[in-house]
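Here are my notes on this two-chain model, in the order I'd go through them with you. Have the structure open as you read.

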Amino acid sequence: MSEPLVLELQVKPLDFLAAGETATHFKETLKSLGLPPDICRKAAIVVYEAEMNIVIHGGGGVMCLQVEEDKVTIIAKDKGPGIEDLELAMKEGYSSAPDFIRELGFGAGMGLPNIKKNSDELYIDTAPGKGTKLRAVIYLDKRR
Amino acid sequence: MMKISEIEALLGARRLFDTAALEKEVEYALASDLMSDVLAFALAASLLITGLTNIQIIRTATMLDMTGIIFVRNKRPLEEAVALARKLDIPVLLCKKSMFETCGLLYQAGLKSCTILDEESD
């Protein structure tokens with residue numbers, strides 16, 4: 001695997017039937033590449049949480065998966081309202097999701113903390129009115 | 001450790017469709033109607049017990065490599081959820097018992113809980 005594998009998929013806003021398709025697709029791709037199950041699982045959780053954020057808050061966006069020899073990188077970009085207080089959004093239990101999202105079983109304020117927990121590096125570039133770009137890196141071998 | 005098919009018999013539950021995956025074994029379970037929490041706490045190869053019926057339940061369980069799903073309180077998953085469960089081949093049981101009773105019976109039978117707090121927490 002010399003050239004990095006790059007996949008990019010559009011995520012539609014507020015489409016709760018399709019939500020998770022990107023994560024399922026990315027996970028199948030990682031499995032088909034023969035990556036270890038725990039790496040596939042961590043990446044799937046990160047992609048799914050980020051995808052739900054784009055569906056719920058981001059007004060749609062783009063998800064990108066990059067696979068290199070030593071790491072998996074997940075990028076989620078949206079042109080939504082941005083995150084006003086990132087420190088607050090990173091706290092478990094803080095959520096700005098509306099009630100109908102909670103009725104689906106989401107919006108408990110665990111998304112970003114869970115993304116952080118399942119990635120080795122996490123960068124979030126956001127500002128009110130500017131949308132959000134999230135980049136999460138998972139190393140295949142943490143000892144490197 | 002219990003097979004999903006043994007759990008079906010213990011609970012008097014009904015399988016949604018036949019699959020060889022009903023013979024897989026589980027050691028741990030997580031009961032919740034909050035998928036946010038399931039995503040944060042479920043162990044791989046564990047069992048999901050829930051009363052929510054939308055398609056994201058199937059997405060959540062498969063994303064986490066969970067072994068099977070029990071819908072409690074006589075809830076039936078929505079059509080699109082059933083279709084996705086079949087497609088991804090994750091066993092689904094339908095149970096008339098409450099979540100509390102389901103958990104009680106499975107706990108009594110030796111299933112263990114997915115740990116909620118990690119080492120870093122209080």
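1. Start in chain A: the bridge partner of Ala76(A) in S5(A) is Leu134(A). Strands here are DSSP E runs of at least two residues and helices are H or I runs of at least four, numbered from the N terminus; two strands pair if DSSP finds at least two bridges between them.

2. A word on ground rules. This is a predicted model, where local features need pLDDT of at least 70 and side-chain atom pairs count only at pLDDT 80 or more, while totals for chains, interfaces and linings use all residues. Residues are numbered from 1 along each chain as its sequence is written, with chains lettered from A and ligands numbered from 1 in the order in which they are written.

3. The sheet of chain A is open and antiparallel, with five strands in the order S1-S2-S3-S5-S4. S1 (5-11) and S4 (121-127) of chain A are the edges; each has a single partner strand, so one side of each lacks a neighbour in the sheet. From one strand to the next, the twist averages 10° (angles run from 0 to 180 degrees between N-to-C directions, with axes fitted to C-alpha atoms, for helices over the stretch in contact).

4. Two helices sit on that sheet. H1(A) lies across S1, S2 (61-67) and S3 of chain A, at about 165° to S1(A). H2(A) touches S1, S2, S3 and S5 of chain A, and its direction makes about 5° with that of S3(A). Contact means C-beta atoms, placed from the backbone, within 7 Å.

5. Now chain B, where six strands form an open, mixed sheet in the order S2-S7-S6-S5-S4-S8. Strands S6 (residues 68-71) and S7 (residues 92-94) of chain B run parallel and are joined by three bridges; Ile69(B) stands opposite Val92(B) in S7(B).

6. Also in chain B, H3 (residues 55-63) and H4 (residues 79-88) pack at about 25°, with axes 7 Å apart. H3(B) and H4(B) are therefore roughly parallel, the term for angles under 35 degrees.

7. Which residues does Leu48(B) touch? Leaving out residues up to four places away in sequence, the answer is Leu30(B), Val38(B), Ala42(B), Ala61(B), Met66(B) and Ile69(B).

8. Finally, the chain contact: 21 residues come from chain A and 17 residues from chain B. On the side of chain A that touches chain B, H2(A) gives the most, with six residues.

Definitions and conventions:
Parallel < 35°, antiparallel > 145°, perpendicular 65-115°, else oblique.
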